[in-house]
Amino acid sequence: MNDMDLIDVRKKYIVAVSGGPDSMALLHMCITEKLDICVAHVNYRKRQSAFVEMEEVEKYCKQNNIPFYLLNEEYGYKGNFQSFARDYRYGFFYEIANKYKYGGVLIGHNEDDLIETYLMQKEKNLVTEVFGLSETNYYKGLKIYRPLLKYSTKDLLE
C-alpha cells in the first residue's frame, strides 16, 4: 500500500467502499496487508446501479469475513448535494468509529481525484490550506487517510 508509514497497523480502520475500482483496490490492499478493518458503504439511492453495487460490496465482505456497515436510508437535503453527501457519509464513519473503537477511516481517493480537486479549486479561485487533497485530515477528531493519492485509476485497475 502507498505510504504505509501513515497507517499504524496496530489500529483498526474503517475502509470507505463505494464498490468502484478505487475503493475495491484499497480494500484488496488492506486485506493483503492484513489490516484489522471493517467496511462502511453509503447508498445515496441516486442510481439503480447503486443497489447492485451495495449488494456486491456486502457479498464481498461476507465472503472475506469483514464487518460490513451500511447507510441506506431516505434523507433530505437543501443546497449542494456534494457537500451534504460528504457530511452524511463522514458522520456515518464517525458513528461507527466511536461505537466500535476504530482508529481512522481509509478513503480510496487517488491521483486523478487529487488533480480534479485541484483544478476545481483553481477554477473557482478558492483559497485553501491544501490544493487538491491532503493525505490526512480530520473530521470531528476522526483521522481520515488517503493512502492512494500517488496511484492513478489506471494503476489501480491494473
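Is Ser23 buried or exposed? In this predicted model, the relative accessible area of Ser23 is 6%. Because the cut-off for burial is under 20%, Ser23 is classed as buried. The residue belongs to helix 1, which covers residues 21-32. Apart from residues up to four places away in sequence, Ser23 touches Ala16, Val17 and Ser18.

When neighbours within four places in sequence are set aside, the contacts of Val57 are Val17, Ser18, Gly19, Met24, Val39, His41 and Phe68. For His41, which lies 16 residues from Val57 along the chain, the separation of the C-alpha atoms is 7.8 Å.

Turning to the strands, 6 of them form an open sheet with mixed pairing, in the order 3-2-1-4-6-5. At its edges are strand 3 (68-71) and strand 5 (136-139), each of which pairs on one side only. From one strand to the next, the twist averages 30°. Within a sheet, strands pair through hydrogen bonds of the backbone, in either a parallel or an antiparallel manner. Here, strand 4 (residues 104-106) and strand 6 (residues 142-145) run parallel and are joined by 2 bridges. Leu106 has Tyr145 of strand 6 as its bridge partner.

Definitions and conventions:
Residues are numbered from 1 along each chain as its sequence is written. This is a predicted model: local features need pLDDT of at least 70, side-chain atom pairs count only at pLDDT 80 or more; totals for chains, interfaces and linings use all residues. Side-chain values use heavy atoms; hydrogens and water are left out. Helices (H or I, at least four residues) and strands (E, at least two) are DSSP runs, numbered from the N terminus. Buried means under 20% relative accessible area, exposed over 50%, partly exposed in between (1.4 Å probe, protein chains only). Contact means heavy atoms within 4.5 Å. Two strands pair if DSSP finds at least two bridges between them. Axes are lines fitted to C-alpha atoms, for helices over the stretch in contact, and angles run from 0 to 180 degrees between N-to-C directions.
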